[in-house]
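The sequence and model are shown first.

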Amino acid sequence: MTGGWAAKELTEKGLRTLVLEAGRPTVPEQDYVEHVPVWEMKFRGLGDRRRQSAEQPIQSTCYACDEWSAKFFVSDKENPYTTAAGKPFRWIRGRQVGGRSITWGRQSYRWSDLDFEGNLRDGIAIDWPIRYADLAPWYDYVEDFIGISGEALGLPQLPDSKFLPPMQLNCGETFVRDELAKHFGGERVLTIGRAAILTQDHRGRAACHYCGPCERGCITRSYFSSVNATLPAAEKTGRMTLRPYSVVHSVSFDAKTRRATGVRVIDSRTRATVEFRAKAVFLCASALESVRILFNSATPEFSNGLANSSGELGHNLMDHVKAGGADAIIPGNEDRIDVGRRPNGVYMPRFRNVKTKHPDFLRGYGFQGGGYRPGWERGIAQTGFGPDFKKSLRRPGPWRFSFYGFGECLPNHNNFAELDKEAVDAWGVPTLKIHCSWSANELALRKDMAIAAAEMLAAVGARSIEPFATDEPPGFAIHEMGTARMGRDPKTSVLNSFNQAHDVKNLFITDGGAMVSSSCVNPSLTYMALTARACDYAVQQMKKGEL
Ligand SMILES: Cc1cc2nc3c(=O)[nH]c(=O)nc-3n(C[C@H](O)[C@H](O)[C@H](O)COP(=O)(O)OP(=O)(O)OC[C@H]3O[C@@H](n4cnc5c(N)ncnc54)[C@H](O)[C@@H]3O)c2cc1C
Ligand code: SF4
């Protein structure tokens, strides 16, 4: 996701750019399988469970790693990692050109000053060195290119994007939205998800035709991914060289000039090692992989990892706490069904600790979810017998509604990754050992998600309300971040406010590693805006002869 943006920005600004990708190339015409029906799949969509448990025991716990899309997720066997005893962490990854931008859920939200000022306000970790005003023009810039569909709400805690027309709520969602507005006096707003999916043709890409399973690719390039949008733009400049099968082992560093000189690469097919030289290095390998590269780049001076004079590299690992919410049957609309497979749900912006202070926790959460009418598959959970039972299953079930929370995780120095020199991956590269667990604040947020969701469903007149707060480990929101945080002080942060390493001026990290706090909204739009901003800064610095 971020590497594609760096490639686009650097090439468009005139730099010859080498993009190194550990995985294989992605060829849309062969790899995208969103229109392949279930009956054409060997295991009828259930997946080859023997292969999965041998090759992808961790990846296959992600909803998107199914029989179609398993190829877009790493082999856990080839890409191992370890965790501290009693602290499970689910690390979900993609290793191919496009990374996880192929399989992401496309939910795209701006962060606000409620997020950027949070650490300072609460006295947690360190302050962000930037504010919303620094990033707003870069959100505009990135959104202009990507195309984000959504509804403007004018809420301070969730700034509006430059939107394409929103997708429609279905009738169940419209009912819940209107009822909530009556009961919660504007505090709890339901809107359609803000998604990097086109609702009209945009910059040579076609509007979405609502086929549904986007995590399998999109031949009409209707959702944003690096393969669908940024890499073709970089390619068009004639200044990009894309080299797949290139596992970056480490960054090389010249202690005299105090500059990165390039990167050391292992060719994943031949295992030959190659060194590439460069004037500037951008690490966009994802929050944990980029720090792994820096740990493996240790020098006598930086014995705990390159650019780690602060000792913060690998620390402050965050992910969103989720798996709290509720599901229920909502009244009415039984003469109506929805049409098409809208690849998006609803969103309820954060309402906790916005205007009033909650006694049990800091920060807050937003709800994703939606209204739906279960079909015949509900028979699995329903008892009955004979022809009447069969007939009843041919009719759609009642409308249901689900709220599913995503909550903010506080930065904590004790949540960290370190190099596990004993365990190497399939290419002999030392791997990571991750130490991460939820704090009491995240657990309190998850508990409150279930309570608030059930309360709202009760208020709209729903029945059979099923609240849930499932004990899920960190990592599973797939929003890992914070491992090379930005900051004003080189003693307490790895990067400055432009994603530039304090210790190594021509080294930039623009993936989720840079984040100082986690907000409660999906982070990738912010990573992309930060990347475009960092590229602009790097090129300006080069022009001034500072890099
Ligand atoms: C199922 C799913 C749903 C998601 N939904 C959302 C969502 O709705 N909204 C949202 O904001 N985010 C979502 N995310 C998260 C989002 O995908 C990530 O935040 C985003 O892709 C991170 O971008 P990145 O550039 O840091 O890393 P990635 O997109 O993971 O790209 C990293 C790239 O680096 C390559 N790489 C790694 N190590 C090396 C190495 N040593 N040498 C060379 N190359 C290397 C990888 O192969 C990969 O191509 C979702 C993710 C998944 C999997
Ligand atoms: S639902 Fe839309 S964005 Fe998703 S794969 Fe189909 S056409 Fe593409």
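How far does a polar side-chain atom of Glu21 lie from an oxygen atom of ligand 1, and what is that distance in Å? The distance is 2.5 Å.

## Basis of the model

This is a predicted model, in which local features need pLDDT of at least 70, side-chain atom pairs count only at pLDDT 80 or more, and totals for chains, interfaces and linings use all residues. Residues are numbered from 1 along each chain as its sequence is written, chains are lettered from A and ligands numbered from 1 in the order in which they are written, and side-chain values use heavy atoms, with hydrogens and water left out.

## The ligand site

Ligand 1 is surrounded by 34 residues, counted as near if one of their heavy atoms lies within 4 Å of it. The closest are Thr2, Glu21, Arg100, Gly105 and Val248. By class, the shell has 15 nonpolar, 13 polar and six charged residues. Here Ala, Val, Leu, Ile, Met, Phe, Trp, Tyr, Cys and Pro count as nonpolar, Asp, Glu, Lys and Arg as charged, and the others, Gly among them, as polar.

At least two shell residues come from each of β7 (246–254), α9 (287–295) and α12 (524–543). The largest share, three residues, is that of β7. Helices (H or I, at least four residues) and strands (E, at least two) are DSSP runs, numbered from the N terminus.

Taken alone, ligand 1 exposes 990 Å², of which the protein buries 95%. Accessible areas come from the Shrake-Rupley method with a 1.4 Å probe.

## Helix α8 and Pro232

Helix α8 (residues 226–236) contains Pro232. Eight of the 11 residues of α8 are buried, so the helix is largely enclosed by the rest of the structure. Among the buried residues are Ser226, Val227, Leu231 and Ala234. Their cover includes α1 (2–12), α2 (28–31), α6 (132–146) and β6 (240–243).

Pro232 itself is partly exposed, with a relative accessible area of 33%; buried means under 20%, exposed over 50%, and partly exposed in between (1.4 Å probe, protein chains only). Not counting residues up to four places away in sequence, Pro232 touches Arg221, Ser226 and Val227, where contact means heavy atoms within 4.5 Å. Lys8 is 224 residues from Pro232 in sequence, yet the two are 8.3 Å apart in space, C-alpha to C-alpha.

Conventions
A polar contact is a pair of N or O atoms within 3.5 Å; within protein, one must be able to donate a hydrogen and the other to accept it, and residues adjacent in sequence count only if both atoms are side-chain atoms.
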